[in-house]
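Here is a friendly tour of some helix contacts and a few loop residues. Keep the sequence and the 3D view open as you read.

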Amino acid sequence: MADLDDIREGKDFGLDRPADLQGFFLKGAANHDWGLKNRLSRIFNPKTGRTVMLAFDHGYFQGPATGLERIDLSILPLCDYADVLMCTRGVLRATVPPSNTKPVALRCSGGNSILSELSNETIAVDIEDAIRLGVCAMAAQVYIGAEFEHKSITNVVKLIDTGTRYGIPTLAVTGVGKDMARDAKYFGLATRIAAELGAHYVKTYFVEEGFEKVAAGCPVPLVIAGGKKLPERDALEMAYKAIDQGAAGVDMGRNIFQSDAPVAMIQAVAKVVHDLEKPDQAYQYYLDLKAAQG
């Protein structure tokens, strides 16, 4: 076992050499079973290896946040343009039509709120219910360095074990509290721990300095969180930089559903993610769609 007083920061991330995909299009997924790889192939577009996830699971701890007061009015018009829907089972059953064929990443952690310690979560969905809902992934927060770090890691491990048994991937989401670091060193640590535990892909934050090392040091795909609402041009640039530096997609919420033109914005984000459109061109595409939509 490594000696804790001789831990050295990694140096060779092989940024000039792509990862060996071993015959499957998705990083780190070559040796999974057929069903699990099939679900991953629905989450990530096999032609590009990337994904645009639409996150609207915020209400599980925030309540009716701005833009999510009425899911049926704000989110359903966006679903056709997303690759994946990320939501809770309550909203899925109550609001999303069963005729929806978009893959679902199901929020499976809960038990906290904005009024309490965010890292104090539990598994809030039984595997049998995830199977009943036909989801393509199960998601839980992992809070590295937080008060309930061990509990959150245990939650993710339980999802990985039960999900793998039934061919359902686990998405580990790197949660950060208000007093936690938000730099490449922290996210490199958190994403690598999640992957080492067996998470099939990881959601994290983009950072301006060193993100390419975070992506290279994680042996499974990374998708970036949109985070707080940014001006549309800035959000598109963040997405472009993340993809350019190794991310396999985005999981955006507020930067889409709080946009002045959400339908135009999600299409512009898809242009960046799947077509590698530069930020200026993607922003102009957004403006053109916005004008056309009135």
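## Where α9 meets α12

In α9, the residues E232, R233, L236, E237 and Y240 meet P279, D280, A282, Y283 and Y286 of α12; contact here means heavy atoms within 4.5 Å. By class, this contact has six nonpolar, no polar and four charged residues. In that scheme Ala, Val, Leu, Ile, Met, Phe, Trp, Tyr, Cys and Pro count as nonpolar, Asp, Glu, Lys and Arg as charged, and the others, Gly among them, as polar. Helices (H or I, at least four residues) and strands (E, at least two) are DSSP runs, numbered from the N terminus.

This is a predicted model, in which local features need pLDDT of at least 70 and side-chain atom pairs count only at pLDDT 80 or more, while totals for chains, interfaces and linings use all residues. Residues are numbered from 1 along each chain as its sequence is written, and side-chain values use heavy atoms, with hydrogens and water left out.

The axes of α9 and α12 come within 9 Å and cross at roughly 135°. That makes α9 oblique to α12. Axes are lines fitted to C-alpha atoms, for helices over the stretch in contact, and angles run from 0 to 180 degrees between N-to-C directions. Angles under 35 degrees count as roughly parallel, over 145 as roughly antiparallel, 65 to 115 as roughly perpendicular and the rest as oblique.

## α11 beside α9

Helix α9 (residues 232-244) packs against α11 at an angle of about 25°, with the axes 9 Å apart. The two helices, α9 and α11, are therefore roughly parallel. From α9, residues E232, A235, L236, A239, Y240 and I243 meet M265, A268, V269, V272 and V273 of α11. The residues of this contact divide into ten nonpolar, no polar and one charged.

## α11 beside α12

What angle do α11 and α12 make where they pack? Helix α11 (residues 262-275) and helix α12 (residues 279-292) pack at about 155°, their axes 9 Å apart. This pair, α11 and α12, is therefore roughly antiparallel. On the α11 side, A264, M265, Q267, A268, K271 and V272 meet A282, Y285, Y286, L289 and K290 of α12. Eight nonpolar, one polar and two charged residues make up the contact of α11 with α12.

Between these helices, in the loop joining α11 to α12, sits L276. L276 has a positive phi of about 55° although it is not a glycine. Most residues other than glycine have a negative phi. With a relative accessible area of 44%, L276 is partly exposed (buried means under 20%, exposed over 50%, partly exposed in between, using a 1.4 Å probe and protein chains only).

## Two buried loop residues

Look next at S259, in the loop between α10 (254-257) and α11. S259 counts as buried, at 6% relative accessibility. Its side chain makes a polar contact with the side chain of E232 at 2.9 Å, and the S259 side chain also reaches the backbone nitrogen of A261 at 3.1 Å. A polar contact is a pair of N or O atoms within 3.5 Å; within protein, one must be able to donate a hydrogen and the other to accept it, and residues adjacent in sequence count only if both atoms are side-chain atoms. Leaving aside neighbours within four places in sequence, S259 is in contact with K229, E232, R254, M265 and Y286.

H58 lies in the loop between β1 (51-55) and α2 (59-62). At 12% relative accessibility, H58 counts as buried. Not counting residues up to four places away in sequence, H58 touches G63, L68, G253, R254 and F257.
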